[in-house]
Amino acid sequence: GQPAADPKRVEWSVGGVKREALVAAPAAAKTTPSPVVFDFHGHGGTMGIVARTHAVHKAWPEAICVYPQGLPTPGKLTDPEGKKNGWQHGKGEQGDRDLAFFDEMLKTLKADYKLDEKRVYVTGHSNGGRFTHVLWAERGDVFAAVAPSASTAGPVAKGFKAKPCLHVAGEADPLVKYAGQQFTMAAVKTLNGCAAEGKSWATAGKLVGTIYESKTGTPFVSLIHPGGHEFLAADAVPLIVRFFKENPGK
């Protein structure tokens with residue numbers, strides 16, 4: 001395979017506010033239709049930490065990998081004053097600034113690279129997982145598949161259309177309770193027309209992946225570990241990439 005590209009900082013002005021992301025784009029993306037993965041950090045996270053610790057571009061060097069940077073946002077679970085960086089939790093929040101930012105990022109990528117528009121993907125952990133859910137609801141037609149981690153969809157799920165989805169969860173998550181995540185996962189399985197019985201899909205470290213197949217080509221995979229709110233990147237990222245590769249858009 002080709003070596004992974006180094007992430008480079010890209011800036012936008014969105015509604016008069018400076019926004020930025022780290023973008024790792026293989027040289028071939030200028031001429032060859034290339035998949036795109038957006039990876040959104042959690043509340044209080046940064047694009048730099050995610051680019052380094054998740055390193056999706058190393059797991060999938062052929063893909064254009066985008067690590068956006070959030071802005072100060074009041075947290076739903078912690079940080080009510082909004083001192084730390086994060087993402088809007090639903091449509092209409094924060095003036096939809098992060099949806100507007102997403103639109104600008106995608107526009108730039110389409111102008112600068114040869115995108116395979118059938119293979120655009122999104123993942124994110126915690127608040128980034130919730131924003132993955134928001135993007136599914138509000139920009140669903142853009143994505144071939146989604147992979148939220150440690151998130152519940154809540155009222156956002158009303159906007160979902162059936163789509164291949166992988167969900168990462170820790171059974172002992174003290175912040176985003178597992179019962180709530182189970183509720184979201186069950187709703188997605190129903191929406192996706194999945195089989196009631198799951199089949200073994202993959203395991204890595206403490207992660208156990210179960211696939212619930214769907215006759216309409218919108219499978220659901222649960223990727224469960226016995227731990228808490230942490231993201232087990234070394235094991236989870238290669239499986240998220242595998243799921244994305246298995247689900248090219250129609």
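Start with contacts across the whole protein chain, where a contact means heavy atoms within 4.5 Å. Among contacts between residues at least 6 apart in sequence, 63% join residues at least 24 apart. The model is predicted: local features need pLDDT of at least 70, side-chain atom pairs count only at pLDDT 80 or more, and totals for chains, interfaces and linings use all residues. Residues are numbered from 1 along each chain as its sequence is written, and side-chain values use heavy atoms, with hydrogens and water left out.

**The whole chain**

Switch to a cartoon view. The protein chain shows six helices and 12 strands. These are DSSP runs, numbered from the N terminus: helices are H or I with at least four residues, strands are E with at least two. The radius of gyration is 17 Å, close to the 18 Å that the globule rule gives for 250 residues, so the chain is as compact as a globular protein of that length. That radius is taken over C-alpha atoms, and the globule rule is 2.2 Å times the number of residues to the power 0.38. Along the principal axes, the C-alpha atoms fill a box of roughly 45 × 45 × 30 Å.

The protein chain exposes about 10900 Å², and carbon and sulfur atoms supply 55% of it. Accessible areas come from the Shrake-Rupley method with a 1.4 Å probe; for residues, only the protein chains shown count as cover. Of the 250 residues, 54% are buried. Buried means under 20% relative accessible area, exposed means over 50%, and partly exposed is in between (1.4 Å probe, protein chains only).

Colour by charge next. There are 30 positive and 24 negative side chains, and the centres of the two sets lie 2 Å apart. Lys and Arg count as positive, Asp and Glu as negative; His and the chain ends are not counted. Each charge is placed at NZ of Lys, CZ of Arg, CG of Asp or CD of Glu.

**Select K8**

K8 sits in strand β1, residues 8–14. Is K8 buried or exposed? Its relative accessibility is 54%, so K8 counts as exposed. Leaving out residues up to four places away in sequence, K8 touches A21, L22 and V23. K8 and V66 are 58 residues apart in sequence and 9.5 Å apart in space, C-alpha to C-alpha.

**Select the cysteines**

How many disulfides does the structure hold? There are zero. A disulfide here is a pair of cysteine sulfur atoms within 2.5 Å. Pick C65. Its sulfur is 19 Å from the closest cysteine sulfur, in C165, which is too far for a bond. C65 is buried, with a relative accessible area of 1%. Then go to C165, which is in no disulfide. The nearest cysteine sulfur to C165 is that of C194, 9.0 Å away. C165 also counts as buried, at 1% relative accessibility.

**Select K84**

K84 lies in the loop between β5 (71–72) and β6 (85–86). It is partly exposed, with a relative accessible area of 48%. Not counting residues up to four places away in sequence, K84 touches H43, G44, L71, P72, T73 and D79. Now find H225. It is 141 residues from K84 in sequence and 27 Å in space, C-alpha to C-alpha.

Most residues other than glycine have a negative phi. S126 has a positive phi of about 65° although it is not a glycine. Look for S126 in the loop between β7 (115–125) and α4 (127–138). S126 counts as buried, at 14% relative accessibility.

Phi of A150 is near 50°, a positive value in a residue other than glycine. A150 is placed in the loop between β8 (145–149) and β9 (165–170). A150 is buried, with a relative accessible area of 4%.

**Finish at D173**

Which residues does D173 touch, not counting residues up to four places away in sequence? They are A150, Y178, Q181, G227, G228 and H229. D173 is in the loop between β9 and α5 (178–191). At 3% relative accessibility, D173 counts as buried. Last, pick L239. The C-alpha atoms of D173 and L239 are separated by 20 Å, and the two residues are 66 apart along the chain.
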